[in-house]
Amino acid sequence: MLTKADRVNAALDQSIPLAHPIKIHEAMRYSLLAGGKRVRPVLCLAACEMVGGDESLALPMACATEMIHTMSLIHDDLPCMDNDDLRRGLPTNHKKYGEDTAILAGDALLSFSFEHVAVRTPKTVSPDRVVRAIAELGSAVGSAGLVAGQIVDIASEGDEDDLEYIHIHKTARLLEAAVVCGAILGGADDESVERARRYSRCVGLLFQVVDDILDVTKSSEELGKTAGKDLASDKATYPKLLGLEGARRFAAELVDRANGELAGFDPAKAAPLYHFANYIATRQN
């Protein structure tokens, strides 16, 4: 993970140089390069290698998933949304650059992500696969994906059905796209793509369940973001609905389901994805 994340960080740094207008590129880079575990791009590269591709085939897509994830964080932190002051241990984008620049920085990252995939994906990948991957990525972000999760989150009254819908669309859907796109660009057949999809859905939901658990068990310093915020705002979370131990049992079930989907792949090539599910389940920040 550390090796892959270093590679992704270097690629992200090169992808958006400081250029005119300086302020917008500076704001984009501020949030994009602020750290983080690079969960989505690392999974994208791992899925590509699991199906027999070289990571270079999926590196532009890996960067694109992180650009889109960063956009979602910038917009999610805005006063009109979750109204947060801290992200990855730093002031949120709108706190540093103002709301107007933060909105535009998110917009710019979103649009550039698709350009980056179209222009930078190696020509050895067939155009059909590139188009299929771009369509997958687009569907993960729009009104049937991330935006759907966000709008239901805003309107939610906190029942369990809403909670699962929100997390599947707001968190798991982009993570799913990262894995599926990595598999597509790596040359996977349709059956392998769907197995990768089912794995990623479990891991995406697992990521949110663990996030909810950490929110009520860790401090802001440990998390690098405001702790206890969901509890304070009476937001629906898995510990609130299932109890803390119930949420932990659900997390363990999701790990088992995720790992079960990898059984059809070469165990050596799938090993990073096995370990990744276990890592997400046991992370502490």
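Analyst: A search of the whole structure turns up one cavity of 30 Å³ or more. On a 1 Å grid over the protein atoms alone, a cavity is a set of points where a 1.4 Å probe fits but cannot get out. Grid points are joined across faces, edges and corners, and the volume is the space filled by probe spheres set on them. The largest cavity holds about 110 Å³. It is lined by 13 residues, and Ser31, Ala34, Asp77, Arg87 and Asn93 are the closest to its centre. A lining residue has an atom within 4 Å of a point. Helix 2, helix 4 and strand 2 each give two or more residues to this lining. Helix 4 gives the most, with three. By type, the lining has six nonpolar, four polar and three charged residues. Here Ala, Val, Leu, Ile, Met, Phe, Trp, Tyr, Cys and Pro are nonpolar, Asp, Glu, Lys and Arg are charged, and the others, Gly among them, are polar.

Some ground rules. This is a predicted model, so local features need pLDDT of at least 70 and side-chain atom pairs count only at pLDDT 80 or more, while totals for chains, interfaces and linings use all residues. Residues are numbered from 1 along each chain as its sequence is written, and side-chain values use heavy atoms, without hydrogens and water. Helices (H or I, at least four residues) and strands (E, at least two) are DSSP runs, numbered from the N terminus.

Now the open space. A pocket is an open set with protein on both sides within 12 Å along at least five of seven lines. The second largest pocket has about 230 Å³ of space. Its lining consists of Ala11, Gln14, Ser15, Leu59, Pro60, Phe112, Glu115, His116, Val119 and Arg120. Helix 6 has the largest share, five residues. The lining divides into five nonpolar, three polar and two charged residues.

Helix 1 covers residues 2-15, and its 14 residues should span 20 Å at 1.5 Å a residue; the end C-alpha atoms are 20 Å apart, which agrees. The expected span is 1.5 Å times one less than the number of residues. Its buried residues are Lys4, Ala5, Val8, Ala11, Leu12 and Ser15. They sit on the same side of helix 1, because they cover an arc of only 125 degrees around the axis. That arc is taken from the directions from the axis to the C-beta atoms. Buried means under 20% relative accessible area, exposed over 50%, and partly exposed in between (1.4 Å probe, protein chains only). The face turned away from the buried side carries the exposed Leu2, Thr3, Asp6 and Gln14. Helix 2 (22-32), helix 3 (39-50), helix 4 (59-76) and helix 6 (99-120) are among the elements covering the buried residues. Contact means heavy atoms within 4.5 Å.

Pro21 lies in the loop between helix 1 and helix 2. The His20 to Pro21 peptide bond is cis, with omega near -5 degrees. Arg38 is in the loop between helix 2 and helix 3. Its phi is near 55 degrees, a positive value in a residue other than glycine. Arg38 is buried, at 2% relative accessible area. Arg88 also has phi near 55 degrees. Arg88 sits in the loop between strand 1 (86-87) and strand 2 (90-91). At 24% relative accessibility, Arg88 is partly exposed.
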